Amino acid sequence: MATTTRAERVSVAFVKLTDTLVADYDVLDLLHTLVEETVGLLDVAAAGLVLADPSGELQVLASTSEQSQLVEVLQLQAGSGPCVECYATGRAVVVEDIGALERWPDFKAAALSQGFHSVHAVPMRLHARIIGAMGLFGATPGPLTREDAAIGQALADVATISLMQERTIRESVLVNEQLQRALNSRVLIEQAKGVIAHTAGVGMEEAFNLLRNHARAHSEGLHETASRIVDRSLTL
Amino acid sequence: MDVAPGLVAGGEDLCGPYLEKLPITGAAVSLFGGATAETLVCASDPLAARLDELQFSLGEGPRWRAVRTRLPVLIPDVQAVEHTDWPIFHKAISGTEAAAMFVFPLTVGAMDLGVVELYHSVPGALGRSGQATAAGLAWQTSWHLLRKILTISSPDTEPALEAALMSRREIHQATGMVLAQSGATAADSLLLLRAYAFAHDLTLRQTADAVLEGRISFAPDTGGGRPGGPLLQ
């Protein structure tokens with residue numbers, strides 16, 4: 001039965017995500033798992049995740065495609081768009097038909113050019129603290145089903161909890177080691193992609209694939225592998 | 001080549017939050033301006049500035065260990081203990097008000113951007129909570145410095161565009177390519193990009209794109225240029 005299959009897949013996705021809570025995990029791996037599982041489970045074409053840096057600006061941390069076009073759409077969102085609004089308000093932002101949008105013209109043009117016709121942005125929040133947002137892009141106009149929306153939010157919640165788990169409430173500075181690590185890792189991985197692109201003579205997408213495949217084959221975190229590439233102790 | 005033009009703006013108090021939130025007497029933030037120079041971004045008092053300067057000119061002191069290890073160096077009683085790592089610095093600060101010193105590296109990704117040096121006139125440890133607070137503040141300072149490095153003020157760059165620069169992955173990718181080409185560190189590679197952009201009246205993004213497309217190379221052996229110098233191909 002279809003519903004059983006789906007329920008099983010949903011619970012497998014949650015187990016995957018919560019596994020990271022107990023293991024010594026790589027935070028970017030977790031976020032990549034999150035966006036991939038989300039697209040696998042929901043009726044969406046692409047997903048991307050933005051987290052706020054210390055100045056409150058949103059950075060693209062993970063996306064189902066490293067292709068610059070999707071990242072570009074998310075980056076435009078980081079300037080203004082559904083994800084920014086979702087982050088600012090802490091509430092889901094639903095655009096059922098991007099083609100009919102009157103605000104965010106830059107976002108609209110970029111999204112349509114990539115074949116995205118709807119977006120559902122869900123907040124990543126823990127209690128009163130909002131750390132970012134996940135954008136779910138659809139290839140056709142229309143809202144997510146109520147069930148899809150709930151699953152999307154639940155996946156985002158689990159990822160948020162695992163990102164925030166080490167936060168000590170008493171600290172006067174509202175930062176968190178995992179969040180710091182996630183933002184730093186993203187910069188490191190881009191740098192590593194640049195190194196690989198030069199040394200292996202490949203494009204950025206392929207550079208990321210080489211990086212990720214090496215990390216997986218050697219059971220390393222993305223951060224660790226990227227770090228060794230940038231300090232030049234590892235050449236792919 | 002001045003690789004850090006315009007990085008130190010007046011009237012900016014990066015040290016303030018450390019004094020506000022930690023049991024310390026003084027703070028200094030120092031930015032590495034490439035291979036040769038370095039820049040004191042702020043110091044809350046003359047002794048804080050002196051401690052930074054001394055370590056830099058002597059080439060020894062806790063800040064160098066913080067840079068090397070990329071970890072905090074915490075010395076609760078800097079006057080009492082003989083430090084085999086920094087004997088001259090130890091002698092130089094004896095009798096000053098610096099009783100405890102805490103140095104935190106400022107890093108983003110693989111980039112070593114600088115250090116923040118804190119001192120307290122009373123000996124004693126920072127404590128677990130103080131350490132976490134200081135590390136969090138250092139993280140904020142690091143991103144602030146990175147933002148400044150990525151932002152080049154020029155009349156034709158709109159503020160909104162400058163803000164968007166921060167999330168441009170291409171700049172970090174180009175940094176990686178320059179690093180592989182030049183053999184420089186990640187931070188120096190970014191500063192090289194920045195200096196090139198500055199000198200050629202380009203935005204950092206335009207320069208990064210040129211590197212990614214192979215129109216500029218920072219490889220020393222691309223023929224004819226001075227070693228390490230970027231070449232337009």
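**Domain contact and strand pairing**

The C-alpha centres of domain 1 of chain A and domain 2 of chain A lie 23 Å apart. Domain 1 covers 2–165 and domain 2 covers 182–230, bounds that come from an automatic or database domain assignment. This is a predicted model, in which local features need pLDDT of at least 70 and side-chain atom pairs count only at pLDDT 80 or more, while totals for chains, interfaces and linings use all residues. Residues are numbered from 1 along each chain as its sequence is written, and chains are lettered from A and ligands numbered from 1 in the order in which they are written.

Between these domains of chain A, 12 residues of domain 1 are in contact with 10 residues of domain 2; contact requires C-beta atoms, placed from the backbone, within 7 Å. On the domain 1 side, helix H2 (27–41) and strand S2 (58–63) of chain A each supply at least two residues. Helices (H or I, at least four residues) and strands (E, at least two) are DSSP runs numbered from the N terminus. H2(A) gives the largest share of that side, 4 residues.

S2 of chain A also belongs to an open sheet of 5 strands, ordered S2-S1-S5-S4-S3, with antiparallel pairing; strands pair if DSSP finds at least two bridges between them. S2 and strand S3 (93–95) of chain A are its edge strands, each pairing on one side only. Within chain A, strand S4 (residues 118–126) is joined to strand S5 (residues 129–138) by 9 bridges, and the two run antiparallel. Opposite A:Arg125 stands A:Ile130 in S5(A).

In chain B, 9 of the 9 residues of strand S4 (residues 100–108) are buried, so the strand is largely enclosed by the rest of the structure. Buried means 20 or more other C-beta atoms within 10 Å of the residue's own, exposed 12 or fewer, and partly exposed in between, with C-beta atoms placed from the backbone. 3 bridges join S4(B) to strand S3 (residues 73–75) of chain B, running antiparallel, and B:Leu74 stands opposite B:Phe102. S4(B) is also joined antiparallel to strand S5 (residues 111–120) of chain B by 9 bridges, where B:Leu106 has B:Gly114 as its bridge partner. The hairpin of S4(B) and S5(B) has 2 residues between the strands, and B:Gly109 takes a positive phi near 60° there. Leaving aside neighbours within four places in sequence, B:Leu118 is in contact with residues including B:Met101 and B:Phe102.

Notes:
Two residues are in contact if their C-beta atoms, placed from the backbone, lie within 7 Å.
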